[in-house]
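Subject: Structure handover

Hello,

Here is the structure for you to look through. My notes follow below it.

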Amino acid sequence: MSQVEMQQAAQDCMNCYTVCTQTAQQDQQAGGEHGQPSHVQMLQDCAELCQATAHFLQHGSPVAVAVCAATAQVTQHCAFECEQMGDNDCANACNNANSSVGQIAKMVM
């Protein structure tokens, strides 16, 4: 796996972290379908995992590949839920992170 791919994945993860965090805050305030505790918690979980994954990638942790595999699953689920809610910004951020970390997970596994 190249340094450029790892840096891109870290950037995509940090963007996903930012978007999911903002979306969780907005949805919590909005209430209704978007503010359901399970949806807000999923957004927060996705954000936290993406932030941790970026950290692992940035310092070249030997467990980064395993973390990327888990992050790929979580971002895929989050993207699907965001698409169902009509939140394209969140879905796109999650899909981008999913693509980047998924490629890293596949390269080594």
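Start with Thr53. Setting aside residues up to four places away in sequence, Thr53 touches Cys13, Val67, Cys68, Thr71 and Val101. Please keep in mind that this is a predicted model. Thr53 is placed in helix H2. Is Thr53 buried or exposed? Thr53 has a relative accessible area of 0%. Buried means under 20%, so Thr53 is buried.

**Helices H1 and H2**

Helix H1 covers residues 3-30 and helix H2 covers residues 37-58. Their axes come within 8 Å and cross at roughly 155°. Angles over 145 degrees count as roughly antiparallel, and H1 and H2 are therefore roughly antiparallel to each other. Their crossing is left-handed. By class, the contact of H1 with H2 has 16 nonpolar, eight polar and two charged residues.

H1 itself has 28 residues. From its first C-alpha to its last, H1 reaches 40 Å. That is close to the 40 Å expected at 1.5 Å a residue.

Which residues of H1 are buried? They are Met6, Ala9, Ala10, Asp12, Cys13, Cys16, Val19, Cys20, Thr23, Ala24 and Asp27. After H1 comes Gly31. The phi of Gly31 is positive, near 70°.

**Helices H2 and H3**

Where do the two helices meet? On the H2 side, the residues are His39, Met42, Leu43, Cys46, Leu49, Cys50, Thr53, Phe56 and Leu57. On the H3 side, they are Ala64, Val67, Cys68, Ala70, Thr71, Val74, Thr75, His77, Cys78, Glu81, Cys82 and Met85. By class, the contact of H2 with H3 has 15 nonpolar, five polar and one charged residues.

**Gln51**

Gln51 is found in helix H2. It counts as partly exposed, at 35% relative accessibility. Which residues does Gln51 contact, leaving aside its neighbours within four places in sequence? They are Met14 and Tyr17. Val74 is 23 residues from Gln51 in sequence. In space, the two are 13 Å apart, C-alpha to C-alpha.

Asn95 is partly exposed, with a relative accessible area of 30%. Leaving aside neighbours within four places in sequence, Asn95 is in contact with Ala79 and Glu83. His55 is 40 residues from Asn95 along the chain. Their C-alpha atoms are separated by 19 Å.

Lys106 also lies in helix H4. Is Lys106 buried or exposed? Its relative accessible area is 63%. Exposed means over 50%, so Lys106 is exposed. Lys106 and Ala69 are 37 residues apart in sequence. Their C-alpha atoms are 8.1 Å apart in space.

**Where to look**

Begin with Thr53, which is buried. Then turn to Lys106, which is exposed. After that, follow the H1 and H2 pair, which is roughly antiparallel.

Best wishes

Note on methods:
Residues numbered from 1 in each chain as written. Predicted model: local features only at pLDDT ≥ 70, side-chain atom pairs only at ≥ 80, totals over all residues. Heavy atoms only, no water. Axes fitted to C-alpha atoms, helices over the stretch in contact; angles between N-to-C directions. Helix = DSSP H or I, 4+ residues; strand = E, 2+ residues; numbered from the N terminus. Parallel < 35°, antiparallel > 145°, perpendicular 65-115°, else oblique. Left-handed = near helix turned anticlockwise from the far one by under 90°. Nonpolar A, V, L, I, M, F, W, Y, C, P; charged D, E, K, R; others polar. Expected span 1.5 Å × (residues − 1). Buried < 20%, exposed > 50% of the residue type's maximum accessible area, 1.4 Å probe, protein only. Contact = heavy atoms within 4.5 Å.
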